[in-house]
Amino acid sequence: MAWLSRRAFVVAAATAPLARAAWAAEAPAFIGDDTLLRDVLENGPRAPADKARDVFRHPYESLTFWGLKRGMTVIDVAPGAGWWTDILAPYLARTGGHYIAASADLDNPKTSEAARRGRAAFEAKYEGDRALYGDVKVVGFGAASGPLAPPGTVDLVLVSREIHDWAMVDGFTAKAFADFRAALKPSGILAVEDHRAPDGADPKKGDGYISETWVIGEAQKAGFKLAARSEINANPKDTKDYPFGVWTLPPTRRSAPSGQPPNPAFDHTKYDTIGESDRMTLRFVKV
């Protein structure tokens with residue numbers, strides 16, 4: 001699958017073991033504001049570059065909007081280099097929850113070698129440090145993959161910036177949403193974030209954006225109800241008309257067509273000023 005190869009994982013070096021052991025203390029009591037989630041965001045095993053993106057990605061506000069709670073079982077779909085993993089896995093580990101990564105489908109011969117290497121690197125990092133990340137489980141996900149979890153056992157499925165790629169492949173979005181619905185408990189949560197195209201935009205345009213109306217329609221057809229929508233991750237500066245699609249913007253900052261070497265003469269200034277993309281933030285529930 002092309003979307004898997006584009007999102008091959010690039011895993012950073014792990015934090016020193018002694019620092020992890022000192023940080024992974026017993027969770028503080030939960031009173032109103034989720035102080036543990038704030039502690040993970042501030043003091044957990046996050047790279048400085050990942051923290052720097054909080055101004056655009058609003059992880060605390062997004063996760064609390066989606067309904068993350070202590071002790072949940074969460075599926076993180078196509079986790080890439082682990083931006084959400086470094087938040088969710090330690091948080092769930094400290095609260096008796098479970099983190100599941102829906103990653104490259106090793107049983108599918110069409111899965112790229114880059115995606116296979118990425119999954120291996122992901123497993124080496126996150127399955128190798130149970131004290132920090134808990135019992136991380138990695139399952140295959142793709143066009144021909146089977147169930148992601150036993151039916152009705154998952155509290156929340158997070159899909160972050162993936163649906164715009166799935167829309168390029170006939171039937172893939174419907175298959176993915178059916179997988180999520182099967183895994184979720186009754187009234188379980190489907191959390192969605194994606195680059196937002198104007199309503200009526202062609203879902204196969206290939207510029208990295210997808211219409212919010214289209215996503216809502218596909219989710220409803222799959223048996224989900226829209227419970228809430230938020231402008232947490234909106235960016236009115238995003239004009240969505242760039243030479244290399246959404247990837248022209250940070251953090252990708254593409255300067256040449258996909259597959260070609262970067263153009264050193266490309267001026268990133270106005271795109272860096274815009275910041276990261278305008279994103280929909282949606283919460284669905286299984287019905």
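Predicted model: local features only at pLDDT ≥ 70, side-chain atom pairs only at ≥ 80, totals over all residues.
Residues are numbered from 1 along each chain as its sequence is written, and side-chain values use heavy atoms, with hydrogens and water left out.

**Stop 1: the backbone**

Select Pro250 and Pro251 to begin. The peptide bond from Pro250 to Pro251 is cis, with omega near 5 degrees. Pro251 sits in the loop that runs between strand E7 (224–230) and helix H13 (269–274). Helices (H or I, at least four residues) and strands (E, at least two) are DSSP runs, numbered from the N terminus.

Next, go to Arg161, a residue other than glycine with a positive phi, near 60 degrees. You will find Arg161 in the loop between strand E4 (154–160) and helix H10 (163–166). Is Arg161 buried or exposed? Arg161 is buried, at a relative accessible area of 13%; buried means under 20% relative accessible area, exposed over 50%, and partly exposed in between (1.4 Å probe, protein chains only).

Ser187 also has a positive phi, near 65 degrees. Ser187 belongs to strand E5 (residues 184–197) and is exposed, with a relative accessible area of 54%.

**Stop 2: salt bridges**

Side chains of opposite charge can pair when their charged atoms come close. The structure holds 23 salt bridges, each a side-chain nitrogen of Lys or Arg within 4 Å of a carboxyl oxygen of Asp or Glu.

Show Glu193 and Arg57, whose closest N and O atoms are 3.5 Å apart in a salt bridge. This pair links distant parts of the chain, with Glu193 in strand E5 and Arg57 in helix H5 (residues 54–57), 136 residues apart. Glu193 is buried, with a relative accessible area of 1%, and Arg57 is buried, with a relative accessible area of 1%.

Move on to Arg130 and Asp135, a salt bridge with its closest N and O atoms 3.2 Å apart. Here Arg130 counts as exposed at 56% relative accessibility, and Asp135 as partly exposed at 48%. For a network, select Arg196, Glu212, Arg229, Glu231, Lys240 and Asp278, which are joined by salt bridges that share partners.

**Stop 3: charges over rings**

A charge sits over a ring if NZ of Lys or CZ of Arg is within 6 Å of the ring centre and within 35 degrees of the ring normal. Return to Arg57, which lies over the face of Trp83, at 4.1 Å from the ring centre. Then pick Arg38, found over the face of Tyr60 at 3.6 Å from the ring centre. Arg38 also meets Asp33 in a salt bridge (2.8 Å, N to O).

**Stop 4: aromatic pairs**

The whole structure has 14 aromatic pairs. Rings of Phe, Tyr and Trp (its six-membered ring) pair if their centres lie within 6.5 Å; planes under 30 degrees apart count as stacked, over 60 as edge-to-face and the rest as tilted.

Select Tyr126 and Tyr133: their ring centres are 4.7 Å apart and their planes stand at 75 degrees, so the pair is edge-to-face. Both Tyr126 and Tyr133 are buried.

Finish with Phe177 and Phe224, an edge-to-face pair with ring centres 6.4 Å apart and planes at 75 degrees. Because Phe177 lies in helix H11 (residues 172–183) and Phe224 in strand E7, the pair ties together parts that are 47 residues apart in sequence. Phe177 is buried at 0% relative accessibility, and Phe224 is buried at 3%.
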